[in-house]
Amino acid sequence: MIDFLYGYTKDNLRLQGTYFPSENKNICILFIHGMCANAIENYFTTVWGKLFQSNGLGFLYGHTRGYSNVNIIVDKDGNFHTIGTANEIFEDCLLDIDLWMDKIYELGYKKVILLGHSFGCNKVLYYLYKTKRKVEGVIFASAPDMQGLTRQNEKDYDKLLEESKHNIDLGLENTFTSKLVEDYMYMSSKTFYNWYKENSNVDNFPILRNPKIFKQLASVDIPILTFSGSLEEELYLQLDLLKEKACHSPSFTWKVILNTNHCYHNKEEETAFLIMEWVKNLE
């Protein structure tokens, strides 16, 4: 059984979640998606949800306001807001994750495990760092060095940053970048600047620049599981470095999943069982 849940964030945006309920109300895994993603297109999460459900775990795919490239979200007054990845402000993820955390407790679950995929890892880490809400453990599935990856793949990084700041100063914050970022998507000036400026909160897995302390990651004091596919870019595979920087986590488990990509093609079940075994060891 799969259900669809809806709720309003504290700033009154209506978001939707895809819910795989469990009769066992001990643990629910809250999944936070990556850039441009949604529950329909993230096939691996459907496989995960069904397996989790059949093994006594609840699973909630909670959409953030950044789902899909561009979306239209309705507020409580019936007004429409154009957001999606291309238009989101990173710090707003606190409101989105709060909605789904509250929803899980409303559903009667005793414990929550936070699971981020790709850019969702950055959001989950920032959420833990800022809110200190109690969760039993956290899973980082293919955690990205957002600024490192974009600097590596976008030759006009500094030019686009300057352009975005200029547009914002002119009151044109919703103006899209003059070219595709990394050759695959346009971003609003406010979003590009919010993510890629110096000291951005997005820069919480700074693998490429590798400072002595990963401030947000060092604050995590709960068990961590992290994994990536072996076919991903090198920056996704430095999981031993993340273990070193997660210096206050009481338990850090990491694994590279062989012969698979960023969405775990043909390894959907293997990754699900990896997660379930880790959760079992927490109980």
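**Figure 1. An aromatic cluster in a predicted model.** Phe20, Phe31, Phe44, Trp48, Phe52, Phe59, Tyr61, Phe227 and Tyr264 come together in one aromatic cluster. The model is predicted: local features need pLDDT of at least 70, side-chain atom pairs count only at pLDDT 80 or more, and totals for chains, interfaces and linings use all residues. Residues are numbered from 1 along each chain as its sequence is written, and side-chain values use heavy atoms, with hydrogens and water left out.

**Figure 2. Aromatic pairs.** A pair of aromatic rings is described by the distance of the centres and the angle of the planes. Rings of Phe, Tyr and Trp (its six-membered ring) pair if their centres lie within 6.5 Å; planes under 30 degrees apart count as stacked, over 60 as edge-to-face and the rest as tilted. The whole structure holds 21 aromatic pairs. In one of them, the ring centres of phenylalanine 31 and tyrosine 61 are 4.9 Å apart and the planes stand at 40°, so the pair is tilted. Phenylalanine 31 sits in strand β3 (residues 27–32) and tyrosine 61 in strand β4 (residues 58–62), so the pair ties together parts that are 30 residues apart in sequence. Helices (H or I, at least four residues) and strands (E, at least two) are DSSP runs, numbered from the N terminus. Both phenylalanine 31 and tyrosine 61 are buried. Buried means under 20% relative accessible area, exposed over 50%, partly exposed in between (1.4 Å probe, protein chains only). Phenylalanine 90 and tyrosine 126 also form a tilted pair, with 5.1 Å centre to centre and 45° between the planes. This pair links distant parts of the chain, 36 residues apart: phenylalanine 90 is in the loop between β6 (80–82) and α2 (93–106), tyrosine 126 in helix α3 (residues 119–131). Phenylalanine 90 and tyrosine 126 are both buried.

**Figure 3. Phenylalanine 31 up close.** This residue of strand β3 has a relative accessible area of 0% and is therefore buried. Which distances separate phenylalanine 31 and histidine 117 in sequence and in space? They are 86 residues apart in sequence and 7.6 Å apart in space, C-alpha to C-alpha.

**Figure 4. The eight-stranded sheet.** The sheet is open, with mixed pairing and the order β1-β2-β4-β3-β7-β8-β9-β10. Its edge strands, β1 (3–8) and β10 (252–257), each pair on one side only. Neighbouring strands are turned by 20° against each other on average, direction ignored. Two strands pair if DSSP finds at least two bridges between them. Strands β7 (residues 111–117) and β8 (residues 137–141) run parallel and are joined by five bridges. Glycine 116 has phenylalanine 140 in β8 as its bridge partner.

**Figure 5. The largest pocket.** On a 1 Å grid over the protein atoms alone, a cavity is a set of points where a 1.4 Å probe fits but cannot get out; a pocket is an open set with protein on both sides within 12 Å along at least five of seven lines, and lining residues have an atom within 4 Å of a point. Grid points are joined across faces, edges and corners, and a volume is the space filled by probe spheres set on the points. The largest pocket has a volume of about 480 Å³. Its lining has 23 residues; Met35, Ser118, Tyr184, Tyr236 and His262 lie nearest the centre. Helix α4 (residues 146–153) gives the largest share of this lining, four residues. The lining divides into 11 nonpolar, eight polar and four charged residues. Ala, Val, Leu, Ile, Met, Phe, Trp, Tyr, Cys and Pro count as nonpolar, Asp, Glu, Lys and Arg as charged, and the others, Gly among them, as polar.

**Figure 6. The second largest pocket and the cavity.** The second largest pocket has a volume of about 230 Å³. Of its 13 lining residues, Ser200, Asp203, Arg209, Lys215 and Gln216 lie nearest the centre. The structure holds one cavity of 30 Å³ or more. The largest cavity contains about 40 Å³ of space. Ile27, Lys111, Glu136, Leu282 and Glu283 line the largest cavity; two are nonpolar, none polar and three charged.

Figure 7. Most residues other than glycine have a negative phi. Asparagine 259 lies in the loop between β10 and α9 (268–282), and asparagine 266 is found in the loop between β10 and α9. Asparagine 259 counts as exposed at 60% relative accessibility, and asparagine 266 at 61%.

Definitions and conventions: Axes are lines fitted to C-alpha atoms, for helices over the stretch in contact, and angles run from 0 to 180 degrees between N-to-C directions.
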